Amino acid sequence: MVYRKSFIFIFIAMTLLFSSACSLKTEASLENQIPTFEEVKEITPEVKLKVPVSLSLRKFPHPFESILAVANDIDGTAYQDFIEIHRFLNTTQHTTMGYGLGLDISDSFWMYNVNNKKGYIDANNTLSWQEQISYFKGGDWNTPYFSKEIKHFINAGWIDSIHSFGDFSRNNYKDIQFKREHAVKAVEELEKEDIKIKVWINHGNAANVQNFGGRYKSTEYQQGDVPNTAGYHTDLTIPYGIEFLWDSKGDNKIGHNSMIFPVTLKDGQKIWGFKRYTHKIKDDKYLWQWDIYNLHNQLSKEHLDKIVDQNWYSIIANHMGNSIDDRTLPYSAIEAFTRLKKYQDEGKILVARTSRLLEYNRCHQFIEYEAFQADTDIDIYIKGINDPQRGFFVPIIDQIRGITFYTGTADNVKIYINTTEIPQEEIQINYKDGVPISAGITWHKPDSTDYSQNIFSE
Ligand SMILES: [Zn+2]
């Protein structure tokens, strides 16, 4: 008899839970037999029935009020400059610019470098344009150049974007050197080495026909997504994994509610474009451009306060490694990065590498979830990311790190991806501090390892 009674309770509880949680249409005859939540609680007070509850998302991971990325173009960068700049930005070691800041700032890379510009990439006039960092030497996919180093720094997180397949800029922009085979060999190499890059940043003058996705006519230089042209490659590049594109159009606004916008390529494939802050215009005149000597204008106090006040995303574009002296950024840039670090320390701006900012932006915008509550227990089920450009997908945890829900309770919050519970050590509870209690998935762990040490001893 006791068993039978328990069975009935369980049956009732399950029915109620199932019908409310899944919002299934119930037959009218069954409906009358389903007890109310209060009725069941009266019979079995120990049974906690979870009912659907509507939770809203915090815009950024707690406690931050904005996220900023520095998306650097590798133009004119010598290997030693790359190392020292990232030791200063990413580690906390002693560098030529003082102690490092430990920020999550990543960079871009090239597979090829066929620029024929004369002159030097460093202010000391020792390294030519042909000595910029690239994976292969020149345009030759059979000759590795900085391939090991680039692979190493991609794995380390100091590089996360491809600055197009290479520097194909020529003094005569009609002297086109890029061939589809460059793309074929580059993608083959990236796949062979299991290098996963999802951010593409267009580069250079009109000789760079590998560029794509811009708002240009197909007869103009961006041929990368135009079938039946010599520069066509997006039939390989998008399936390889590129999902976010900077389409060559600079932006003169410091931040936005969302950095991404839909792009349909000329071959019909759909990806995301993203904006980068490049320059300032006043009265139709460029006041300054995106070089390291103007980084302090990009990261001015006024701009940083603005993105905090507005709860904006921001992506700064620059050319940090171009024309610098003795592996050292100008003082104005050191000061600007130090200011940025202070905003992060104060919990105002989270500094994130470009790929992480974009992934967070996409997932935050298109996440689908439902939540159930009983007393102070909350279960949150993340069903997936309903990405209108790339299609629905179930994320891995690294794609949704930082996603935070206003739960109103901190007692027992469980978050699931589909039906798999995220371990409690990956859940961050944020107690009341002027905003309601929230709970979310922890952000990526800070990493200030000096990856320039012992590169080849792995
Ligand atoms: Zn460039």
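Reader: How many of the 12 residues of α4 are buried?
Author: This is a predicted model, and in it α4 is mostly covered. The buried residues include D81, F82, I85 and N90. Of the 12 residues in α4, the number buried is nine.

Reader: Which elements do the buried residues of α4 pack against?
Author: The buried residues of α4 include F88 and L89. Their partners are two strands and a helix, given here with residue numbers: β3 (94-95), β5 (107-109) and α10 (331-345).

Reader: What should the 12 residues of helix α4 span at 1.5 Å a residue?
Author: Helix α4 runs over residues 79-90. The expected span is 1.5 Å times one less than the number of residues.

Reader: Where around the axis of α10 do its buried residues lie, on the same side or on opposite sides?
Author: The buried residues of α10 are A333, A336, F337, L340 and Y343. An α-helix has 3.6 residues a turn, so residues three or four places apart point the same way.

Reader: Which residue with positive phi follows α10?
Author: Helix α10 has 15 residues and reaches 21 Å from its first C-alpha to its last. After α10 comes a residue with phi near 75 degrees, and that residue is G347.

Reader: Which residues touch the most other members of the largest nonpolar core?
Author: In soluble globular proteins, nonpolar side chains tend to be buried together. The largest nonpolar core here has 97 residues. I349 touches F64, L304 and L340, among others, not counting residues up to four places away in sequence. The residues that touch the most other members are I67, I315, I349 and L357.

Reader: Which are the edge strands of the open sheet of six strands?
Author: The order in this sheet is β5-β7-β9-β10-β12-β11, with mixed pairing. An edge strand pairs on one side only, and this holds for β5 and β11.

Reader: Which residue in β7 stands opposite F109?
Author: β5 and strand β7 (residues 159-162) pair in the parallel sense over three bridges. In β7, the residue opposite F109 is I162.

Technical notes
Residues numbered from 1 in each chain as written. Predicted model: local features only at pLDDT ≥ 70, side-chain atom pairs only at ≥ 80, totals over all residues. Helix = DSSP H or I, 4+ residues; strand = E, 2+ residues; numbered from the N terminus. Buried ≥ 20, exposed ≤ 12 C-beta atoms within 10 Å, placed from the backbone. Contact = placed C-beta atoms within 7 Å. Core = buried A, V, L, I, M, F, W, Y, C linked by C-beta atoms within 7 Å. Pairing = 2+ DSSP bridges.
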